Amino acid sequence: QVQLIESGGGVVQAGGSLRLSCAASGGTFSTWRMGWFRQAPGKEREYVSAIRWSGSSTDYADSVKGRFTISRDNAKNTVYLQMNNLKPEDTAVYFCAIDLVGGNSFDYWGQGTQVTVSS
């Protein structure tokens, strides 16, 4: 069973930065892509960013383009989300997810890490 462990969340002032990490474990598996989602209080979970596990393809939600950068370390089975110029509206629980087969959905999810941006 694949497990995803997020870390790096915290409290930061508006304009600040945080770097989230998500490490995948649980035996031998192939990875098609990994992604980040977030869920703010009272709102539905929303897509943030994703990265293909081979090549350099990345994708971002419009709300984070130019501020967030997704990257990966294949050797460590880890994906990162560098978040710069954070805004109070970025406050949410951030989840990472893994797509093993290139389908239309993600197969496994982490427990989430809280990011709070104060104004």
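Mentor: Helices (H or I, at least four residues) and strands (E, at least two) are DSSP runs, numbered from the N terminus. This is a predicted model, in which local features need pLDDT of at least 70 and side-chain atom pairs count only at pLDDT 80 or more, while totals for chains, interfaces and linings use all residues. Residues are numbered from 1 along each chain as its sequence is written, and side-chain values use heavy atoms, with hydrogens and water left out.

Trainee: Which residues have the most contacts inside the largest nonpolar core?

Mentor: Such a core is a set of buried Ala, Val, Leu, Ile, Met, Phe, Trp, Tyr and Cys residues joined through side-chain atoms within 4.5 Å. The largest one has 30 residues, and the elements that give two or more residues to this core include β3 (18-25), β4 (33-39) and β8 (78-83). Those with the most contacts inside the core are Trp36, Leu81, Met83 and Tyr94.

Trainee: Which residues does Met83 contact, leaving aside its neighbours within four places in sequence?

Mentor: Contact means heavy atoms within 4.5 Å. With those neighbours left aside, the partners of Met83 are Gly16, Ser17, Leu18, Leu20, Arg67, Phe68, Tyr94 and Val115.

Trainee: Is Ser21 buried or exposed?

Mentor: Buried means under 20% relative accessible area, exposed over 50%, and partly exposed in between (1.4 Å probe, protein chains only). Ser21 has its place in strand β3 and touches, among others, Ser7, Trp36 and Tyr80. Because its relative accessibility is 17%, Ser21 counts as buried.

Trainee: What is the relative accessible area of Ser7?

Mentor: Ser7 lies in strand β1 (residues 3-7). Beyond four places in sequence, Ser7 is in contact with Arg19, Leu20, Ser21 and Thr113. Ser7 is partly exposed, its relative accessible area being 37%.

Trainee: Which residues form one aromatic cluster?

Mentor: Rings of Phe, Tyr and Trp (its six-membered ring) pair if their centres lie within 6.5 Å. A search of the whole structure finds 4 aromatic pairs. One cluster is formed by Phe37, Tyr47, Phe106 and Trp109.

Trainee: Over the face of which residue does Arg45 lie?

Mentor: A charge sits over a ring if NZ of Lys or CZ of Arg is within 6 Å of the ring centre and within 35 degrees of the ring normal. The charged end of Arg19 sits over the ring of Tyr80, 4.0 Å from its centre. Arg45, at 3.8 Å from the ring centre, lies over the face of Trp109.

Trainee: What is the phi of Asn85?

Mentor: Asn85 lies in the loop between β8 and β9 and is partly exposed, with a relative accessible area of 43%. Its phi is positive in a residue other than glycine, at a value near 50°.

How values were computed:
Phe/Tyr/Trp six-rings, centres within 6.5 Å; stacked < 30°, edge-to-face > 60°.
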